[in-house]
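Student: Please take a close look at the pockets of this model, starting with the largest one. What lines it, and what comes next?

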Amino acid sequence: MQLIRGIKNIQPEDHGCVLTIGNFDGVHLGHQRVIQALIEKAKQHDAVPTVMVFEPQPQELFAGDKAPARLTRLRDKYRYLEELGVERLMCVNFSKSFASQTAETFIEELLVKQLGVKHLIIGDDFRFGKQRQGDFTMLKSYGEQLGFTVTDTASFKFEDCRISSTAIRSALEQDHLDEAARMLGRDYAISGKVFHGDKNGRKLGFPTANVLLKRRVSPVSGVYVVKVKHNEIEYFGVANIGCRPTLAGVRQQLEVHIFDFNQTIYGQHIEVIMLKKLRAERKFDSLDALTQQIKIDSEQAKSFVATLA
């Protein structure tokens, strides 16, 4: 799948597409219905099925640290969208200057002149441009004048089930992993690059692969039984997502103790799939108490894994 990072990198040969625009956070079942419609429309127009996303997501720019936790990072969105058959991902830098351009400029310059949109699939609540002046009605009107058609994403969503990134986030925060998985169409997972930590886990006898969550706040926290994918091979383990209060941690991160695993994987990507929550994160009075709890967590995780066989 082609990735265009930034409007300035759009080339003349990228002109002509069927487009949908959104955060696509989670690429859940509702999103997947929209992508199916996108691909069908692209075939009808003999055009490239294209998805436009924003980095950072608009709420992250406007709300800062108060923005909702992300379900997926750009890397994950790319993989999920590619698996669904999207051929081009357009990643627009969402800055204050971009947000302040007029709705007319967004349509005429970006959608028509640069991307050559033939058909647009968009939510009827989509707002864009300076002071959020642009909306679905404006797009329909401009489409009639400038030669592109517009349909509403509601036409392709599940009528009997309300699926949204907000609902999935809420389910995860309430530890309803099964409900979140039902809406996602897969178990919830976090992926990222393994980095050098403080080696505290190794000192305690439980070496961990540490994944930095960067600016993203995780919608889950606590200790989980997990499945870990590395180089297409699956392992099981136990993971802690949080700030490590016993070790005076501040920054939220993901630490995974992978069972029966002794490879060095610093700098490599892993995917950590949440299977079951064991307990909430808490502060222990001593490292010995923490070590004993980690032993208990590991045994509980292994017992749960045994039931999956």
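Tutor: First, the term. A pocket here is an open set of grid points where a 1.4 Å probe fits, with protein on both sides within 12 Å along at least five of seven lines. Its volume is the space filled by probe spheres set on the points. Keep in mind that this is a predicted model.

Now the largest pocket. Its volume is about 1500 Å³. The lining is made up of 45 residues. Look for I21, G22, N23, D125 and F126, which lie nearest the centre of this pocket. Several elements supply at least two lining residues each: strand β2 (17-21), and helices α1 (29-45), α2 (58-63), α4 (96-99) and α7 (165-173). Of these, α2 gives the most, with four residues. Sort the lining by class and you get 18 nonpolar, 16 polar and 11 charged residues.

Next, the second largest pocket. About 380 Å³ of space lies in it. Here 14 residues form the lining, and R79, K229, E232, H269 and E271 are the closest to the centre. Two or more lining residues come from each of α3 (74-84), β9 (222-230) and β12 (269-279). The largest share is from α3, again with a count of four residues. By class, this second lining has two nonpolar, five polar and seven charged residues.

Definitions and conventions: Residues are numbered from 1 along each chain as its sequence is written. This is a predicted model: local features need pLDDT of at least 70, side-chain atom pairs count only at pLDDT 80 or more; totals for chains, interfaces and linings use all residues. Side-chain values use heavy atoms; hydrogens and water are left out. On a 1 Å grid over the protein atoms alone, a cavity is a set of points where a 1.4 Å probe fits but cannot get out, and a pocket is an open set with protein on both sides within 12 Å along at least five of seven lines; lining residues have an atom within 4 Å of a point. Ala, Val, Leu, Ile, Met, Phe, Trp, Tyr, Cys and Pro count as nonpolar, Asp, Glu, Lys and Arg as charged, and the others, Gly among them, as polar.
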